[in-house]
Amino acid sequence: MLVIAKVASPHRKALHVKIKANRLFDSFRKVLPARLLDDAAGRSGYGARRRKCPPDRFFWTLVLGFACEAGRSLASLQRFFCALTGESITSSAFQKRFTPC
């Protein structure tokens with residue numbers, strides 16, 4: 001299970017909402033298929049090396065990462081990506097996704 005969000009309870013304590021990552025990605029892929037995101041990534045110059053950080057998973061990391069916490073750092077987003085995808089990625093490889101070609 002993966003914690004992706006904190007929801008405020010009536011008692012002002014944070015409750016963790018747990019969702020299985022694979023079910024989450026399956027639901028998202030119905031809305032925006034990976035192929036569509038991959039095509040958009042190619043047009044935007046996302047980069048040639050996509051094995052460790054596929055465009056669809058990077059996209060959902062940003063969407064869900066900022067939805068959970070607006071003031072995220074790059075290191076925080078990288079940890080979220082690793083938790084969400086189950087993949088490991090170096091800081092430099094993740095940060096290169098934010099630099100122009």
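**Entry 1**

I started with T61 and listed its contacts, leaving aside neighbours within four places in sequence: they are F66, L77, F80, F81 and L84. I kept in mind that this is a predicted model. Next I looked up where T61 sits, and found T61 in helix 3, which covers residues 55–68. Is T61 buried or exposed? I found a relative accessible area of 0%, so T61 is buried.

**Entry 2: looking for disulfides**

I reminded myself that a disulfide is a covalent bond between the sulfur atoms of two cysteines. How many disulfides does the count come to? My tally was zero. I wanted to know why, so I checked C53: the closest cysteine sulfur belongs to C82 and is 9.1 Å away, too far for a bond. A pair would have to be within 2.5 Å to count as a disulfide.

**Entry 3: two helices meeting**

Back to helix 3, this time with helix 2, residues 34–44. At what angle do these two pack? I read about 90 degrees, with the axes 8 Å apart. Helix 2 is therefore roughly perpendicular to helix 3. I then wrote down who makes the contact: A34, L37, D38 and A41 from helix 2, and P55, D56, F59 and W60 from helix 3. Sorting these contact residues by type, I got six nonpolar, two charged and no polar.

Conventions
Residues numbered from 1 in each chain as written. Predicted model: local features only at pLDDT ≥ 70, side-chain atom pairs only at ≥ 80, totals over all residues. Heavy atoms only, no water. Helix = DSSP H or I, 4+ residues; strand = E, 2+ residues; numbered from the N terminus. Buried < 20%, exposed > 50% of the residue type's maximum accessible area, 1.4 Å probe, protein only. Contact = heavy atoms within 4.5 Å. Axes fitted to C-alpha atoms, helices over the stretch in contact; angles between N-to-C directions. Parallel < 35°, antiparallel > 145°, perpendicular 65-115°, else oblique. Nonpolar A, V, L, I, M, F, W, Y, C, P; charged D, E, K, R; others polar.
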